Amino acid sequence: IDYGSDQGAGGPAHGYASHRVVEDLLAAPGATDITAGVDFGALRVAARANGLTAFPSVSQHDALIALGLEDWLHTELEHQQDQLNSGRGADAVRTWGGRSRAMMLADPAGLGRFRWFVAATPDVVEPTFLRVARERASTAEA
């Protein structure tokens with residue numbers, strides 16, 4: 001799971017510090033997380049060259065939705081409402097915090113842009129969530 005694309009690395013190296021993009025990667029050595037996108041196309045070629053089945057990559061957003069994120073968020077919202085109704089405000093805030101963090105993981109403009117790459121031995125079928133995520137992305141693009 002990383003940033004990148006199926007047609008190259010997806011851009012130049014970039015950095016992050018305190019959840020913000022850092023332009024000068026070497027301005028504060030040790031204080032910046034430096035990363036570069038993954039060339040999932042090259043990764044797929046290498047996996048296949050080593051006898052693995054390489055499935056098409058999908059966005060983290062689509063993968064999490066396919067794994068049931070929307071249902072989980074709805075259930076947690078109901079749980080939060082129950083906590084509020086029963087006077088457990090602190091618990092409700094913690095539940096809200098968990099939902100908020102989960103939504104950040106799926107935000108298509110943020111961490112949801114991550115790509116998930118799955119490779120397996122030839123006898124393993126494509127995971128259902130991966131197929132659903134791929135179909136969901138195809139439908140959204142149409």
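**Figure 1. Aspartate 91 is partly exposed, with a relative accessible area of 25%.** Partly exposed is the class between buried, under 20% relative accessible area, and exposed, over 50%, as calculated with a 1.4 Å probe on protein chains only. The structure is a predicted model, in which local features need pLDDT of at least 70 and side-chain atom pairs count only at pLDDT 80 or more, while totals for chains, interfaces and linings use all residues. Residues are numbered from 1 along each chain as its sequence is written, and side-chain values use heavy atoms, with hydrogens and water left out. The side chain of aspartate 91 meets that of arginine 94 in a salt bridge, with 2.5 Å from N to O. A salt bridge is defined here as a side-chain nitrogen of Lys or Arg within 4 Å of a carboxyl oxygen of Asp or Glu. Arginine 94 is exposed, at 56% relative accessible area. Helices (H or I, at least four residues) and strands (E, at least two) are DSSP runs, numbered from the N terminus. Arg88, Asp91 and Arg94 are linked in a network of salt bridges.

**Figure 2. Aspartate 62 and arginine 136 form a salt bridge between two helices.** The N to O distance of this salt bridge is 2.8 Å. The pair joins distant parts of the chain: aspartate 62 belongs to helix α2 (residues 60–66) and arginine 136 to helix α5 (residues 128–141), 74 residues apart. Aspartate 62 is buried, with a relative accessible area of 9%, whereas arginine 136 is partly exposed at 30%.

**Figure 3. Arginine 44 forms a salt bridge with aspartate 6.** The closest N and O atoms of the two residues are 3.1 Å apart. This pair also links distant parts of the chain, with arginine 44 in helix α1 (residues 40–49) and aspartate 6 in the loop between β1 (4–5) and β2 (14–17), 38 residues apart. Arginine 44 counts as buried, at 13% relative accessibility, and aspartate 6 is partly exposed, at 26%. By the salt-bridge rule, the count comes to six.

**Figure 4. Threonine 32 is buried in a loop between two strands.** The loop lies between β3 (20–22) and β4 (33–35). Threonine 32 has a relative accessible area of 14%.
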